[in-house]
Amino acid sequence: MNDPDVLIVGGGIGGLGAAYALARRGLAVRLLERSPAFGEVGAGIQLAPNCTRILADYGLLDEARGRGVAPDAMIMRDAVDGAELTRLDLRDLERRYGFPYLVIHRSDLHAMLLRACERAGVELLTAREAVGYANTGDGARVTLADGRVERARVVIAADGLHSVARRLLVDDRPVSSAYVAYRGTTPASTGRAAGVDLSEVTVYVGPRCHFVHYGLRGGELLNQVAVFESPKALAGEDDWGTPDELDAAFADTCAFVRDGLSDMWRDRWWRMYDRDPIMSWVDGDIALLGDAAHPPLQYIAQGAIMAIEDGWVLGEHVARHRSGDGSVDWRAVFAAYDAVRPEHCRRVLTTSRAWGELWHLDGRPRLRRNVLLRERDTYDYSFVDWLYGPTALDPSDEPPMFTPVPLSSASGALGS
Ligand SMILES: Cc1cc2nc3c(=O)[nH]c(=O)nc-3n(C[C@H](O)[C@H](O)[C@H](O)COP(=O)(O)OP(=O)(O)OC[C@H]3O[C@@H](n4cnc5c(N)ncnc54)[C@H](O)[C@@H]3O)c2cc1C
């Protein structure tokens, strides 16, 4: 086999998105996935306009819309009393940003990207586990677990939270949040699910826990996620996040939330890790992408989106740094990528952590938060403009961050 232009390690949403972005530019792309088959585990995923804008550019938005749901509103409620705190009007949001807010099954998004890669001629190989990376001077090589070696002009490592390639850049470890997520999908036409309004994405925020629900597959399925802080994780026990902890964590929440716990898959759960941001993802002709570069806590639902944006940004810079003979100035492409993406993703990672803290407040801080959220104007987009606008290609395109509102500014309303 000839060496490809680009070798991508990892066939998750990030790796497939990047493979498509580069193959559609006419590059020869080979993708290596460790698992014996391509697939995604999990349930729903939210796709904000900064992602659907890219899917539209790829010609995939109609398919995504057909397979997903475009809800009318995103509503935040207090998990203890069930009362509404604030909302986003997702129809108005679509008018503002030009692209919809969608929710879709992970496996549908993954399968859609996989098919797009097949159509674009990406060489998709499974059962290939990368264990080593090296720059060679005129490109880069990847060593596989079985001893084989793959070479290409550049390597993009999209090998997820436990990335091997990340060690080229930093000696760090995933950071445990001590939070754990349970997920579950149920047919939307029966039982409790039949009474749930699928035109809404709703998040119930509560002390050390939250609960999310929305519809999937054109409203056929109800997707629910229950997230909580594990006392066993805080105590340093290995066996953390077990179903008994799930039930205990939500004991003081409203009946609607407690009733939803019976719909959760109880045989698996996801411990929530992120990593501290790093400000360079490039080592010579090897670049990190997706969770390998910037695994977030999921609270602002941007992890897969950032991964898709990374691939799109690479594709756009390939188009900018290509000569008439088709050759690509990869040093320039990687420099442009490294100049713009790490700072954006640093903002997402740090905001996700802060957002989680805000959601999970207890006692008086919870009441202060509720006052502030109730005061927010539904049509105030100052907290999402930095996320949902067009993905920046240069640092100068990156929009300013929002100004945080201190919790203490709500104290007057509480009478303290
Ligand atoms: C509960 C929860 C809810 C979330 N909700 C959202 C949401 O609503 N919106 C959103 O945008 N994001 C969300 N996320 C985040 C999102 O799921 C991830 O950020 C995203 O899937 C990362 O994609 P990735 O391709 O970078 O990594 P991964 O999905 O981890 O894919 C990595 C791939 O690389 C392969 N691999 C790993 N090591 C090797 C190796 N050595 N050799 C070869 N292959 C290898 C793996 O098998 C895998 O296929 C959520 C996450 C969680 C946990």
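**Around the ligand and beyond**

Of the 32 residues around the ligand, the nearest are Gly10, Gly12, Gly160, Gly290 and Gly303; a residue counts as near a molecule or strand if its C-beta atom, placed from the backbone, lies within 6 Å of it. The model is predicted: local features need pLDDT of at least 70 and side-chain atom pairs count only at pLDDT 80 or more, while totals for chains, interfaces and linings use all residues. Residue numbers start from 1 along each chain as its sequence is written.

The shell around the ligand holds 15 nonpolar, 12 polar and five charged residues. Here Ala, Val, Leu, Ile, Met, Phe, Trp, Tyr, Cys and Pro count as nonpolar, Asp, Glu, Lys and Arg as charged, and the others, Gly among them, as polar. At least two residues of the shell come from each of α1 (13–23), β3 (44–47) and α9 (303–320). The most come from α9, which gives four residues. Helices (H or I, at least four residues) and strands (E, at least two) are DSSP runs, numbered from the N terminus.

Helix α1 also has a helix beside it. Its axis and that of α5 (residues 106–120) come within 9 Å and cross at roughly 30 degrees. Axes are lines fitted to C-alpha atoms, for helices over the stretch in contact, and angles run from 0 to 180 degrees between N-to-C directions. The two helices, α1 and α5, are therefore roughly parallel to each other (angles under 35 degrees count as roughly parallel, over 145 as roughly antiparallel, 65 to 115 as roughly perpendicular and the rest as oblique). Their crossing is left-handed, meaning that the near helix is turned anticlockwise from the far one by less than a right angle.

Elsewhere, three strands make an open sheet with antiparallel pairing, in the order β8-β9-β10. The edges are β8 (130–135) and β10 (149–152), each with a single partner strand, so one side of each is left without a neighbour in the sheet. From one strand to the next the twist averages 20 degrees. Five bridges join β8 and β9 (residues 140–144) in the antiparallel sense; two strands pair if DSSP finds at least two bridges between them. Within this pair, Gly132 stands opposite Thr143 in β9.
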